[in-house]
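Look at the model first, then read on.

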Amino acid sequence: MREEIIAAVKAAGVVGAGGAGFPTHVKINANVDTVIVNGAECEPLLRAHQLIMASESAKLIVGLKTVMLATGARRGYIGLKRKYEDAVKQLQQALTQTGEQGIELFFLPDIYPAGDEQVLVHEVTGRIVPEGGIPPHVGVVVANVETLVNVAEALAGQPVVDKYVTVTGAVHKPATFKVPIGMPVRELIELAGGASVAHYAVIDGGPMMGKLTTTDQPVTKTTGGIIVLPSDHQLIIQKSMAWSVVANRAKAVCCNCRACTDVCPRNLLGHSLEPHRIMQAIGRGQYSESGVVTKAFLCSECGACDMFGCTMGLSPRRVNAELKRQFGKAGIKNPHNAKPQKSRANREYRLIPTKRLLYRLGLDKYDVKAPLSLESVTAHEVKIPLSQHIGAPANPVVEIGAVVNRGDVIAVIPEGAVVSANVHASISGQVYAVDSSISIRTMQQSRG
């Protein structure tokens with residue numbers, strides 16, 4: 001049975017619908033005792049996951065049961081917050097109707113980052129993932145809400161061609177849409193009534209971990225949110241800061257107050273990551289302190305340190321990300337693999353309330369509903385990247401001029417690649433470009 005499930009998920013091109021897009025057929029090829037559904041949606045302003053849990057509760061449970069069957073897990077938990085009232089109601093009804101015994105809801109605290117998979121594992125099971133480790137190391141598989149809906153659809157032969165995306169911030173009609181993958185961001189903003197300010201910037205993802213993007217960029221399998229903000233918003237200014245400025249400020253301004261370390265979720269779990277010590281080493285030019293600076297490998301880049309902890313406007317997260325990039329270029333691997341037995345004694349007092357974070361980010365005026373649109377969204381043109389996942393980009397199997405139908409395979413896992421994912425056409429039409437992406441237009445547009 002496991003082989004059939006993995007084959008169906010692999011064929012459908014299912015990847016983690018949030019985060020880095022780890023191919024799901026690889027993730028579920030494991031033996032664990034517990035599967036956790038990540039329904040925390042702890043990034044402020046995003047709404048897609050709670051809306052999916054309410055509208056697709058039956059499919060979500062099917063997907064969860066499928067992954068439990070594939071991994072041999074005996075327990076399944078749906079981790080979500082009590083404030084997602086519609087989702088709680090619909091999931092409880094669905095579980096009652098199916099009579100499931102091994103699946104239950106687990107109510108998470110309203111904190112950031114409750115959706116970090118290592119934080120989630122600890123909240124639900126009490127287990128601590130080792131440094132540099134992943135949840136299967138402690139007998140757990142964590143799967144995103146939308147990923148599990150896609151798993152359920154994969155069993156019916158339906159590939160991943162659409163994405164749920166919350167469009168919010170400085171737009172006239174914040175909403176969550178189900179849109180074809182490859183649709184340009186500018187069209188999503190138009191669906192939300194357009195920007196409500198003349199000069200704006202766009203974040204792909206949540207305000208904490210999302211990246212600045214352009215309106216020409218396409219929606220991918222991992223796009224969870226599009227946030228429009230005024231160009232002079234503090235969050236945009238911080239995300240736009242050049243690395244040279246970040247580095248110079250880290251060297252000149254950090255006073256080693258350890259506020260960044262005090263709120264670091266991985267440190268609070270017992271990991272040895274101490275952002276203030278890394279900043280101290282950088283400030284002194286002591287890059288040779290490998291035992292300190294290589295702990296940057298343990299950083300999840302959640303942003304708690306710079307967006308909430310530091311009062312000086314510094315970014316330990318950016319420093320850690322740059323160190324990891326440089327280590328990668330030099331072929332240096334993570335040397336840290338300690339196995340903490342318990343979390344920090346003061347952890348419960350250091351957790352970041354989502355509401356307080358919202359105000360700290362200056363986003364409280366945008367904390368509004370973004371309901372799921374019931375209107376079918378069509379696209380006349382899409383640009384579908386060959387790499388929407390961790391691992392090797394997919395290999396195109398179509399050429400310019402080819403006519404494809406929605407759901408057709410247009411790129412496949414390269415021969416010999418362990419980590420990769422298939423890619424499918426999200427609209428019917430004609431291929432007009434093949435490079436790092438495959439671009440398709442509807443036949444009417446092609447003739448026009």
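## Cavities and salt bridges

The largest cavity is lined by 13 residues, and C254, C257, C260, C310 and L314 lie nearest its centre. A cavity is a set of points on a 1 Å grid over the protein atoms alone where a 1.4 Å probe fits but cannot get out; lining residues have an atom within 4 Å of a point. This is a predicted model: local features need pLDDT of at least 70, side-chain atom pairs count only at pLDDT 80 or more, and totals for chains, interfaces and linings use all residues. Residues are numbered from 1 along each chain, and side-chain values use heavy atoms, without hydrogens and water.

The largest cavity holds about 100 Å³ of space. Its lining has 10 nonpolar, 2 polar and 1 charged residues. The second largest cavity holds about 80 Å³. Of its 14 lining residues, C264, P265, C299, C302 and C305 lie nearest the centre.

Now the charged pairs. The whole structure has 19 salt bridges. Each is a side-chain nitrogen of Lys or Arg within 4 Å of a carboxyl oxygen of Asp or Glu. Three of them are listed here.

| Salt bridge | N to O distance |
|---|---|
| K163 and E146 | 2.6 Å |
| R258 and D262 | 3.0 Å |
| R317 and D306 | 3.2 Å |

R317 lies in helix 16 and D306 in helix 15, so this pair ties together parts that are 11 residues apart in sequence. Both R317 and D306 are buried, meaning under 20% relative accessible area with a 1.4 Å probe, protein chains only. K163 and E146 are both buried too.

Definitions and conventions:
1 Å grid on protein atoms, 1.4 Å probe; cavity = no way out; pocket = protein on both sides within 12 Å on 5 of 7 lines; lining within 4 Å. Points joined across faces, edges and corners; volume = space filled by probe spheres on them. Nonpolar A, V, L, I, M, F, W, Y, C, P; charged D, E, K, R; others polar. Buried < 20%, exposed > 50% of the residue type's maximum accessible area, 1.4 Å probe, protein only. Helix = DSSP H or I, 4+ residues; strand = E, 2+ residues; numbered from the N terminus.
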